[in-house]
Structure formats: C-alpha cells, structure tokens
Amino acid sequence: MKYNLRWAEWLAEGRIGPFPAAIVMVAAYFALQTIILSLLSSWAGTGVGIDDAEQLIYVPYLWPGYGGSQPPLYTWINWLAAHVFGTGIFTLKLVKYSVLFLAACSAFAAMRRFGYTKATAAAAMFGLFTIPQIVWESQRALSHSVAVVGFCSLLLLAMACLLERRSVIAYAAFGLATAAAILAKYNDVFLVVALVAAALSLREWRSAILDPKFAISIAVAILVLAPTTYWSLMHPADLLSRGEKFGIDTQQGRVAAAFVGAGKFIMGTFNFAILPVLVSALAFGLANFSELHPKGPAREILLWRTLALGLAMLAILVLATGVTVVKDRWLLPVLFLLPLAIVATMERLAPRGRNAQLLVISAGAIIAVLLAPATWYVQINGTSGLSRMIRVDYPALYRQLTADGPVKTAISDGAWVGNLRLVDEKLVALDQEVPNFEMLMQEPAVLVWLDRDDPRPVILEQLKAAGYEPDGQPRQMMVPLLRGTDKSVRPGAYVKLKRMAVGGATAPKEGVSGGAEGGQEPD
C-alpha cells in the first residue's frame, strides 16, 4: 500500500520534462495501446467490429451528416486521419486513443482551471479509468461514445476557462466546445444545458452566463452547428433511423412504460456508477479522514449540481417519452462527471483527503493496466457477437467476390461490409443506412450476405429504390474464418447488380430504419 501511494504521489506531483507525470504516463499508455493493438491485428489478420466497420464505410466522405442517427464529428476526425495515415486499423486506433487522451487532458486541465490541486486533477483524470464504459467499453468496441467522453471533457474545460477569464476568446471557445460536444453525440446537449443551468444557479458565477458576451458563445455554436442542423432537417429518416432502440411502444400504456423506463434508468445509472463509487468508498475508508470542511466551494457545487440537473433532465425525458430501453453508455454525457465531483469533495477532507485521492489514482492506473491484455485478446478473438465478424478472412472473401472481375462497390445489410475496405481502400462499401447510396454506387457492384439463404428485404428495397436489381442467380460461397475460430467457414452468397430498366425504379428513400431487419451482425 505504501509503495502504491508513493507511486501515486509521483503521478500526482511529479514531472517528466516540462509535462506533468500523470499526463505523460497516460499518453504512454494510449500510445502503447495504439501500437500493440494495431500490430496484433496485423499479425492475426483480424477485422474490426460494428462501430469501426461503420467508420470504414463513411470515412471516404466529408458530409455534414451521416446515417444511423449518428452525428458527424467522430467520422470527420477519422476522415482527416485517413487522409494522412491511410485507411487501416492503425488509423482507427490512433483516432480512438487520441480522443481518449483529449478526455484525460481536458479533465486534468479543467480541474486545474477551477483551482484544484495537482493531486485532485490527477485523481479526476485517473478516476475516469474507474468507469467501465470508458476504461473497457471504449477500448473494446465503441466509437461515438468515445467522442462523448473527449468532447464533454473539453466542454467542461471551456466552461472553466470562461468562468476564470470571461474574455471574448473564452466565450467563443465555449461556443465552439458546445458545438463540438453536440456534434460528437446529440445527447451531449443535456450536459450543455445542465452545465449552464448549474452556473446560473450559483451567485458567484451567474454573472458570467448573464454577461452580454455570452451571446458570442450562442452565435458560434449556432454557426458551427448550422450545416449539420440543415442536413438533419433535410434527412429526417436518416436522423431517426435507429429510434427503435429506445424501445418506445405506442401500444403500451403510458404508466406501464414509465415504470419500465424508470427501472431501466435506475439500473443503467447503477451499472455506470457502481465501480467508481466502490473505488471512492474504499479510498474514503482507507484514508480514515477526521474532518470534513462543512461547505463546499462554488467550483465543487458546480460539478455536483451539473450532475444532478443532467440526471434529472434525462429521467424526465425517459418518463415523458415512454422510453423503455436505457443503456448505461447513454448516460456518459452526465455521469462522466461523477469521479471528478468525488475527488473534488476529497480535497475538503482533512487531514487525509489527499491520501484518498492517491488511492483513486492507484486504482485507476491499476484497472487500466490490468485490462490492457484483455483488450489485446478482444482485438484478436473478439467477444460474444463480435468474434465471427472480427475473425472473417476478409482478403479471402474479397478474392471470391472479385474472382470473375473487379468490383468497385460491395453492398450488404450490415456495417460488417466496411471491413472489405481494409483489403481495398478504394472499394465503395455500403449498407442500408448510408443516405442516398444510389449516388455513391459505382459499377460493377455486388450484393453480399452471410449466414442467410437470402438477403434481408430491407436491403433489397433500398436497392430497388436506387434503381438496381440482381443480375442473375446468387452464387453460394463458404467464407473462411481465421485459424482458431470454433468453425472454419461461414456460409454466404453474393450476386452481381445491374441497373433496372427505365421506369422500374421507385422513388429513392432518404433512409431506411435498421430495426429488426437492420442487418447488423446476426450473432
């Protein structure tokens, strides 16, 4: 224990060159993960899961909006990285860990801007690693939720700078950070509203929000959000294409739906908060503090009040809309503040509050290090629902699709098809959620599906709307899986596509909901 505290103390107070030791060590961890995971994937020949495969589909295009109800910012970053480093798993990992590093640095800097000690800032940063949705899920599979952590933390830093300086630049930066958070994930708007409302509720900082210069923040945010807002208004079906995931059942009674939704919301909050709360409770207990200063400063109240207001808004939304499905990662925009608020409270503990913070630093670092090998395993073997996608031999699949000649477009009923761009980055890969994909198709094109006798109706309808139909009979194939998989092959089929006769196509649709026919991995 004493050794761990000495190590944590060095992370909290030490420096490596001009940089805080905590920042350097987190940077080293993320850099190693980027390199190791990329090398392991190259060695094993694996593909990527649903979220990254979706990015591979969209990364050639710089659009104001994309399908699948997803905002564009994370894809924009991947687009930029792909133009610099090429299309590959290294680029996907580099973007993911860079955004996670942004989250860590922003949390650290925000706490310092609020006037907290180095130990508190380091504990806040490592406290993020006690959140399973960040330390595990973000490394294992997620994409846009990674952007949530990064740009919500950046938003908190922008608010800290605004409250400290109240300059024109600070207000403009807050507006830019607000837009970035919303473009990272649309539900980040709850953090924006909660953060502003919490600042308004505090006498010390109310004037910063009521200052006429706050109009600069609003103007900048509106200006940056305008292209995506316009695109969303013009493509409502694509914006709402995954609405079924919220489990809203109009046939179910409002009271019954409210009870179900409330239970799911409580359970989601519990699943999210249980590990950071347990770690913090252990730290409180081991620190054996003797005194708690009775009144928290405004900076601490701001964190707790933002957390409470954000949760209250989310709960009201769940109850009012009849949502019956609440996934814990959807609470990230608000609950990522939990470890920050807890370690802020620790700073008021005397005389051992600092020891409690050092224990949080130790716990976060240990959890991250222990989970690293698990992320390596997942990269090679996948997990339930992902293993069959990750371990498909995509070069072999590509060779079968191109045996009779080159293919410029591969279409399927799920985002897994994006993996083919790891083999041929010039290939156009499309699924049924890509907006107006008839404009992207290049001939020759093929429709390919796995584990089914026939393609799902949803993709056939989309093709018909685009003016294409199968050209001949499907060709059956057995798609090899990488060695070590429980089965050696997956059954599949493909068919070439041709343009329909004039007058045979129906009007193109703006988007088709995934729903039960959504075509995601069938596991």
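Met-111, Phe-126, Phe-174 and Ile-361 touch the most other members of the largest nonpolar core, which has 111 residues in this predicted model; such a core is a set of buried Ala, Val, Leu, Ile, Met, Phe, Trp, Tyr and Cys residues joined through side-chain atoms within 4.5 Å, where buried means under 20% relative accessible area, exposed over 50% and partly exposed in between, for a 1.4 Å probe and protein chains only. Helix α8 (residues 144-165) gives the most to this core, with 15 residues. Apart from this core lies another, of 42 residues, among them Tyr-66, Ile-411, Ala-429 and Leu-447.

The model is predicted, so local features need pLDDT of at least 70 and side-chain atom pairs count only at pLDDT 80 or more, while totals for chains, interfaces and linings use all residues. Residues are numbered from 1 along each chain as its sequence is written, and side-chain values use heavy atoms, with hydrogens and water left out.

The structure holds 14 aromatic pairs, meaning rings of Phe, Tyr and Trp (its six-membered ring) with centres within 6.5 Å, where planes under 30 degrees apart count as stacked, over 60 as edge-to-face and the rest as tilted. Two of these pairs are set out here.

| Pair | Centre to centre | Angle between planes | Class |
|---|---|---|---|
| Tyr-29 and Phe-129 | 6.5 Å | 45 degrees | tilted |
| Phe-85 and Phe-90 | 6.0 Å | 75 degrees | edge-to-face |

Tyr-29, in helix α2 (residues 21-44), and Phe-129, in the loop between α6 (118-127) and α7 (132-140), are 100 residues apart, and both are buried. Phe-85 counts as partly exposed at 48% relative accessibility, and Phe-90 is partly exposed at 36%.

Methods
Helices (H or I, at least four residues) and strands (E, at least two) are DSSP runs, numbered from the N terminus.
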